Every structure is written in C-alpha cells, then in structure tokens.
Amino acid sequence: MTDLLDRSGLVIVDKPAGMTSHDVIARLRRFFGTRKVGHSGTLDPMATGVLVVGLERGTKFLAHLVTDTKTYQATIRLGQSTTTDDKEGEVLTTTPSHASVEDITAEVAKLTGEIMQRPSSVSAIKINGKRAHELVRAGEKVEIPERPVTVHRFDILDIRQEGDFQDIDVEVFCSSGTYIRSLARDLGAALGVGGHLTALRRTTVGPYTLDDAQTLEQLEDTPRLSLSLDQALAKGFPVLEVTQQEGADLAMGKWLAPRGVKGVHAAVTPEGHAVALVKEKGKRLSTVFVARPSTL
C-alpha cells in the first residue's frame, strides 16, 4: 500500500476564470485517475488563483489544514452596485464616481482591522440548511447577519478613472471567511456611489502560494503532486522530530510522553516521514491525524 502514500498529498492549482471549484475537482479526478479528490476553500467561477486540493489520504489531511489567512489581488469598480457585488450580477444602481484619493483612502482605512462584515447574499453560507445563493436564485430575499472578520492589510495599488467609473486595484491580506466582494460593496456604499468587484485573484492560502501552484494545462500534461503528504504536513505545521520507534508507535495510534509543546505539530521521523499530526492533551502526546497508519 506504499503506492497509495506515494500518490497522497496536495495539488495547489492556479484556478482559471470561468470554472467552479467543483469543475476543477472533476478535471483532477480524470488527470490522476482517482475519485479521492477534495478541495479546501471554494473560489467563485470569476476568481482565479490558489485552490488547495487533496489527493488520496491528502483529502483527510484537508480537514486539519490551517488556512486562517488568505491574500487576494482585486479590482474594485466604484460607481455601480450589482445584485451579486461583482461583475456577474445585474446592475442595481449607477452613480458617477469621482472620489478623491483622500476620501477613498480614508474609507479603506475604516474597512481595515477587526471589522463586522455582512457576507454577500450569493455566498455559499448555509441558512437553514440551504446555501444562500440557492435561496437567492429561488427568488427568496436573503439577509445574512454580520460577523467578525479581520482585514490585516487593505493596500491601494492603483486608482484609474474610467469614464464615470473609478477602478481601484487593491491587495487584501485577511482572515479566512472575509468576502472581498463585500469589501467592494461596502467601500462603494461608504462613498455614496456603489461598488462591485470586477477581478479577483487569490495569491495565498495559509502557507501555500502561487509559487506552489500548477495550471490545469500543466497538470493535464504531467499530473503530479505539488506537495507530498510528508511535505504538506511539514509545511503546514511546526515539525516535532521523533525517533523511528516513536514514529512506529504513532502510526499505530499510540500516544507518547508529553514534550512540552503547544498546539498541533507534525511528527517527523529521521527518514523524513511525517507520520502524524500530534497535540498534547494532559499527560499524553496524542495523534490528531495519522498520515501514515501502520495498516498502510
């Protein structure tokens, strides 16, 4: 079963525009010849960039993957609001925008830091068991409650006047769960002209970046992992070195004596095998996820 572990890991995809995350998964199942493919963190069809995909046992690792920060490059159009807060929705209002750099900068500053944000009504958030966007398409009025998010950085890269519109290129480093479409909507509303997103590219998800990513064309020509399971665990978590015997014990789900470590660590043997994710619980160093079970 070593072959299964050799085929397990992460594929970091540079998703093209016009495809759903599910479309990407369907392609990868065909490229790699396996049904065991899953993704972490959906991207809208309009968006491009980093999509983290797990293969084989990598799908089980996705549940433990820490991706609490993400980075996006986006273009916000001031002067028009839409039903979806992006260019794919129907236009709701059009108001010529000629805001000053100072006014735009001041409102961006108000949307930076720990803020309360109302997700877009066409998001994938579930309301009474149904996705918000499904309810909207069924003709229901959806108002999702505000929730706390953190915008660590909201940098203005360029401001261009396009007739009666203003296009703003930005880079946003934020907590997981932050909606860039909502930032566009709220910036436009604060300036009194409406706003929506015209371009969105995700450049990082947790520790994984575009440098790790492959295009679908590259994967179709040469299907290969971006990171093996060993590499994925070691990149995503602090490494805790264990002996070969301790690694064998962890592979069987046994616990070890505590080491005084805080949080989840990747237990790595002298051979470089990331056997498991471990965490101290009381007087035990216990497994959170066994990447290389003894049964394999």
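Colleague: What share of the 296 residues is buried?
Modeller: Buried residues make up 49% of them. Keep in mind that this is a predicted model.

Colleague: And the secondary structure, how many helices and strands?
Modeller: The protein has nine helices and 18 strands.

Colleague: What box do the C-alpha atoms fill?
Modeller: Along the principal axes, roughly 70 × 45 × 40 Å.

Colleague: What part of the contacts comes from residues 24 or more positions apart?
Modeller: Counting contacts with a separation of 6 or more, 69% are between residues 24 or more positions apart.

Colleague: Changing topic. Which residue does UniProt list as "active site"?
Modeller: Asp 44, and the listing comes from an unreviewed entry.

Colleague: Where is Asp 44 placed?
Modeller: Asp 44 sits in the loop between strand S2 (37-40) and strand S3 (48-55).

Colleague: Why does Asp 44 count as partly exposed?
Modeller: Because its relative accessibility is 29%, and partly exposed covers values between the 20% limit for buried and the 50% limit for exposed.

Colleague: Which residues does Asp 44 touch?
Modeller: Leaving out residues up to four places away in sequence, Asp 44 touches Lys 15, Met 19 and Arg 181.

Colleague: Back to S3. How many of the eight residues of S3 are buried?
Modeller: Eight of the eight, so S3 is largely enclosed by the rest of the structure.

Colleague: How many bridges join S3 to strand S1, and in which sense do they run?
Modeller: Seven bridges join S1 (residues 9-15) to S3, and the two run antiparallel. Within that pairing, Val 13 stands opposite Leu 51.

Colleague: And S2 with S3, parallel or antiparallel?
Modeller: S2 and S3 run antiparallel, joined by four bridges. Gly 38 has Gly 54 in S3 as its bridge partner.

Colleague: What about S3 and S12, parallel or antiparallel?
Modeller: Parallel, with two bridges between S3 and strand S12 (residues 195-205). Thr 48 is bridged to Arg 201 in S12.

Colleague: What is phi of Glu 56?
Modeller: Phi of Glu 56 is near 50°, a positive value in a residue other than glycine. Glu 56 lies in the loop between S3 and helix H3 (58-61), and is buried, with a relative accessible area of 8%.

Colleague: And phi of Asp 85?
Modeller: Near 65°, again positive and again in a residue other than glycine. The loop holding Asp 85 runs between strand S5 (80-82) and strand S6 (91-94). Asp 85 counts as buried at 8% relative accessibility.

Colleague: Now domains. Which bounds does the domain assignment give?
Modeller: Domain 1 is 9-68 + 206-228, domain 2 is 70-198 and domain 3 is 237-290.

Colleague: How many residues do domain 1 and domain 3 each bring to their contact?
Modeller: Five residues from domain 1 and five residues from domain 3. About 450 Å² is buried between the two domains, 74% of it on carbon and sulfur atoms.

Colleague: Which residues in domain 1 lose the most area to domain 3?
Modeller: Arg 57, Phe 61 and His 64, which together make up 83% of what the domain 1 side buries. The centres of the two domains, taken over C-alpha atoms, are separated by 27 Å.

Colleague: Which residues of helix H8 are buried?
Modeller: In H8 (residues 229-236), Leu 229, Asp 230, Ala 232 and Leu 233 are buried. They cover an arc of only 165° around the axis, which puts them on the same side of H8.

Colleague: What does UniProt place at residues 237-292?
Modeller: An unreviewed entry has the feature "domain: tRNA pseudouridine synthase II TruB subfamily 2 C-terminal" there. That span is 14% helix and 39% strand, and its end C-alpha atoms lie 16 Å apart.

Colleague: How do S16 and S17 pair?
Modeller: Strand S16 (residues 265-268) and strand S17 (residues 274-281) pair in the antiparallel sense over four bridges, and His 265 stands opposite Val 278. Their hairpin has five residues between the strands, with Gly 272 at a positive phi near 90°.

Colleague: And how many residues lie between S17 and S18 in their hairpin?
Modeller: Two, and Gly 282 in that turn has a positive phi of about 65°. S17 pairs with strand S18 (residues 284-290) in the antiparallel sense over six bridges, with Arg 284 as the bridge partner of Lys 281.

Methods: Residues are numbered from 1 along each chain as its sequence is written. This is a predicted model: local features need pLDDT of at least 70, side-chain atom pairs count only at pLDDT 80 or more; totals for chains, interfaces and linings use all residues. Side-chain values use heavy atoms; hydrogens and water are left out. UniProt positions are given in the numbering used here, feature names are shortened, and annotations may be inferred rather than shown by experiment. Two strands pair if DSSP finds at least two bridges between them. Buried means under 20% relative accessible area, exposed over 50%, partly exposed in between (1.4 Å probe, protein chains only). The arc is that of the directions from the helix axis to the C-beta atoms. Domain bounds come from an automatic or database domain assignment. Contact means heavy atoms within 4.5 Å. Buried area is the accessible area (1.4 Å probe) that two parts lose on being put together, summed over both.
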